[in-house]
Amino acid sequence: MTTTSESAEHPTPSSAARLLPGAPVAEAVLAETAAAAARLRDRGITPSLATILVGDDDASAGYIAIKQRQAAELGFASPHVHLPATVAQADLHRAIARFNTDPAVHGILVQYPVPGHLDYDAALLTIDPDKDVDGMHPLNMGRLAVGLPGPLPCTPAGIEALLAYHQIPVAGREVVILGRGATLGRPLAMLLAQKRPTANAAVTVVHTGVPDWPRYTRRADILVAAAGVPGIVRPEHVKPGAVVIGAGVRYEGRRLLPDVDEACAEVAGAITPRVGGVGPTTVAMLFRNAVRAAERANQ
Ligand SMILES: NC(=O)c1ccc[n+]([C@@H]2O[C@H](COP(=O)([O-])OP(=O)(O)OC[C@H]3O[C@@H](n4cnc5c(N)ncnc54)[C@H](OP(=O)(O)O)[C@@H]3O)[C@@H](O)[C@H]2O)c1
């Protein structure tokens, strides 16, 4: 027999969890960004997100075009450099250096991937950390760790925004993150443990070093899948009624394979959709980082 307190702790699984789409979150972040950009333009400052594309990959060119359209809609300048596929590493660094020293440029994005002979991570290290709109430069990871202002890693910041937008309480609750990768799990853990109303959580990070990780995920109020292993999170890993954020994905060709098995929606109280969850918030954060960089550069 189930006692009252057990029922409260383990409510009957709902047959359909509330969906937590990313698109309205992105729209809200972009609306704030557009307003901040307008305030800067009133002061004679046009926020600017510079892009660098290496080679002629159609998909990469398409992603740049999307960002340029978005930049135009937000009232940003978007200077662009297109380098040939055969460019030398030093020439890529020189293109970054020109944007680093241009005071009219506030954010720099090198489109991933770059041709195989180039070292993408080495190029990122040459970006001025104050213009690092991805928020992935080691200096910005350090700023995040000690709570200094700076560009935030986009996907973790997008997840915090998604939880806040959908009014999911985070403070004081147990968040378990499956994955400690440098782009997602690790910075997200730092972000959600910060002393701030939309964070302030008890955060646990699990990974391959914790083979009994389901023991932790089953007690999570908020479970974030950040492993990049399709279907790794199954219903039996989720506490009934919990919030499940599916951030990890793997692409097979154009097919997107999420970490979160779709049957988790039968157990979770709220869950990101398989497509259109965390992704849209990540792109919005690029622009938020850029406008904040412009604000900081013109304080
Ligand atoms: N939605 C978005 O916009 C967005 C943005 C960025 C990244 N992502 C996705 O997020 C995922 C993680 O990215 P990342 O760069 O952080 O990846 P990563 O560096 O490869 O990290 C993956 C993490 O998952 C853990 N893991 C893998 N298999 C596991 C298993 N069987 N059991 C337990 N833990 C396991 C790994 O553990 P170990 O550390 O022990 O190896 C590692 O900590 C990827 O799928 C990526 O595509 C999505």
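This is a predicted model: local features need pLDDT of at least 70, side-chain atom pairs count only at pLDDT 80 or more; totals for chains, interfaces and linings use all residues.
Biologist: Let's start with the ligand. Which residues are closest to the ligand?

Modeller: The closest are Arg180, Thr183, Thr208, Gly228 and Val249, out of 21 residues that surround the ligand.

Biologist: And what kinds of residues make up that shell?

Modeller: The shell around the ligand has ten nonpolar residues, ten polar ones and one charged one.

Biologist: OK, Thr183 then. How far is an oxygen atom of the ligand from an N or O atom in its side chain?

Modeller: That distance is 2.4 Å for Thr183. For Gly228 it's a polar backbone atom instead, 3.5 Å from an oxygen of the ligand.

Biologist: How much of the ligand's accessible area does the protein cover?

Modeller: On its own the ligand has 930 Å² of accessible area, and the protein covers 66% of that.

Biologist: Switching topic: what volume does the second largest pocket have?

Modeller: About 400 Å³. Its lining has contributions of two or more residues from each of these elements: helix H2 (23-42), helix H7 (154-165) and helix H10 (279-297).

Biologist: Which lining residues lie nearest the centre of that pocket?

Modeller: Those are Leu152, Glu160, Arg196, Arg288 and Arg292, and the lining has 25 residues in total. By type, the lining splits into 14 nonpolar, five polar and six charged residues.

Biologist: You mentioned Glu160 and Arg196. What do their side chains meet in?

Modeller: A salt bridge, at 2.9 Å from N to O. Side chains of opposite charge can pair when their charged atoms come close.

Biologist: Where in the chain do Glu160 and Arg196 sit?

Modeller: Glu160 is in helix H7, while Arg196 is in the loop between helix H8 (185-192) and strand E6 (202-206). They are 36 residues apart, so to speak a link between distant parts of the chain.

Biologist: How many salt bridges does the structure hold?

Modeller: Seven.

Biologist: Last topic, the backbone. Is the peptide bond from Tyr112 to Pro113 cis or trans?

Modeller: The bond from Tyr112 to Pro113 is cis, and its omega is near 0 degrees. Pro113 is in the loop between strand E4 (107-110) and helix H5 (120-125).

Biologist: And Gln167, is its phi positive or negative?

Modeller: Positive, near 55 degrees, and Gln167 is a residue other than glycine. You'll find Gln167 in the loop between H7 and strand E5 (174-178).

Note on methods
Residues are numbered from 1 along each chain as its sequence is written. Side-chain values use heavy atoms; hydrogens and water are left out. On a 1 Å grid over the protein atoms alone, a cavity is a set of points where a 1.4 Å probe fits but cannot get out, and a pocket is an open set with protein on both sides within 12 Å along at least five of seven lines; lining residues have an atom within 4 Å of a point. Grid points are joined across faces, edges and corners, and a volume is the space filled by probe spheres set on the points. Helices (H or I, at least four residues) and strands (E, at least two) are DSSP runs, numbered from the N terminus. Ala, Val, Leu, Ile, Met, Phe, Trp, Tyr, Cys and Pro count as nonpolar, Asp, Glu, Lys and Arg as charged, and the others, Gly among them, as polar. A residue is near a molecule or strand if one of its heavy atoms lies within 4 Å of it. A polar contact is a pair of N or O atoms within 3.5 Å; within protein, one must be able to donate a hydrogen and the other to accept it, and residues adjacent in sequence count only if both atoms are side-chain atoms. Accessible areas come from the Shrake-Rupley method with a 1.4 Å probe; for residues, only the protein chains shown count as cover. A salt bridge is a side-chain nitrogen of Lys or Arg within 4 Å of a carboxyl oxygen of Asp or Glu.
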